[in-house]
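Me: I'd like to go through a model with you, one feature at a time. Could you give me the general idea each time, and then the case at hand?

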Amino acid sequence: MPLLRSLAAPASRQIRRWVLDAFPRGESGIDYDRPAGDPGLFGPDSVTWRVHAELPAMLAGGLCALMLQTLHPLALAGVYDHSNFRDDLVGRLRRTTGFVAGTTYAPMGEVDALVARVRAIHARVSGQLPDGRRYAADDPDLLTWVHVTEAYGFLKGCRAYCRTVPDRVADRYYDEVRRVAEALGAVDVPASQDQVRAYFARVQPLLRVDARSREVLAILSAIRLPVPLPGISRDVFLGAAAALLPPWARHLLGEDAPHPLRARAGSQLVRRMAPLFRRALGDGTAPRACRRMGLPSAVLARWPEGLE
């Protein structure tokens, strides 16, 4: 074991540099260390703390969610008409990552502030599609769609690339993580794998690929994170993200999705890198939250008692 750790150390250092270049610390201003004993929205006995601690799964799963979100014209419109994603997609990804990390691991006062800030932003975002349909970012149905795509992507990424997730653990995850969506105003949020599958089946008639979808996907496929080997990094994680898409979404996206060979290569690389990410980020938000609760981060290596 010491030999293996010494051999992995250079790679872990490179991965640490990659992560900190892509997602610089301190930008959110969130204090993950105080007050001691504050479990936040989920706490150390949750499945959510364990799933969201797997950064490769979160990155690939988050990109999978973005691909899915381009399929819903009303949900996409808020981003398309009201954000600067064309000029600052990296900034948008960082802010989304910060929100997910904060609502997962921050103490409750920080969570409440994050939710209030996002709700205030959503309240200012509304408009009309070219076909006359109205949309609003605080529409409960659209909030549910965005949440479900993200939760699906994070869980599928964890299963595919990081660790075995028993079905009852997966069901618990969906039941827990909907707290964030409900705090933002979502309603009828699926709370199990079966409910997520039924939800996707209901919403599919509303989905399509159009000119706006293709524009956003093209920008996403050209993103250059400020990291070493930005093009290769992008292709690896976009490929791994595409491999997580449900079959009906891959069919809808068609040639607009990354090529299957790219998806296969990306998924294999991300799976092999997952242990290195864990070694490289021993002082990340999940370990800091554990220390706030007086616990070693090793507790996150096991599913909560009774679910294994």
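What follows is a chat about salt bridges, helices and helix packing in this predicted model.

Reply: Some ground rules before we start. The model is predicted, so local features need pLDDT of at least 70 and side-chain atom pairs count only at pLDDT 80 or more, while totals for chains, interfaces and linings use all residues. Residues are numbered from 1 along each chain as its sequence is written, and side-chain values use heavy atoms, with hydrogens and water left out.

Me: How many salt bridges does a search of the whole structure find?

Reply: The general idea is that side chains of opposite charge can pair when their charged atoms come close. A salt bridge here is a side-chain nitrogen of Lys or Arg within 4 Å of a carboxyl oxygen of Asp or Glu. Searching the whole structure turns up 18 of them.

Me: Which parts of the chain does the pair D283 and R16 link?

Reply: Their side chains form a salt bridge at 2.9 Å, N to O. D283 sits in the loop between α13 (260–280) and α14 (285–292), and R16 in helix α1 (residues 2–22), so these are distant parts of the chain, 267 residues apart. Helices are DSSP runs (H or I, at least four residues), numbered from the N terminus. The pair also belongs to a network of salt bridges that links R16, R25 and D283.

Me: What about R262 and D235?

Reply: That is another salt bridge, 3.1 Å from N to O. R262 lies in helix α13 and D235 in helix α11 (residues 230–242), so the pair ties together parts 27 residues apart in sequence. R262 has a relative accessible area of 27% and D235 one of 30%.

Me: On to helices. How far does α7 reach from its first C-alpha to its last?

Reply: Compare the end-to-end distance with the expected span, which is 1.5 Å times one less than the number of residues. Helix α7 (residues 140–161) has 22 residues and reaches 31 Å, close to the expected 32 Å.

Me: At what angle do α3 and α7 pack?

Reply: Two packed helices are described by the angle between their axes and the distance between the axes. The axes are lines fitted to C-alpha atoms over the stretch in contact, and angles run from 0 to 180 degrees between N-to-C directions. Helix α3 (residues 55–69) meets α7 at about 140°, with the axes 7 Å apart. The two are therefore oblique to each other; under 35 degrees counts as roughly parallel, over 145 as roughly antiparallel, 65 to 115 as roughly perpendicular, and the rest as oblique.

Me: How many of the residues of α3 are buried?

Reply: 13 of the 15, so α3 is largely enclosed by the rest of the structure.

How values were computed: Buried means under 20% relative accessible area, exposed over 50%, partly exposed in between (1.4 Å probe, protein chains only).
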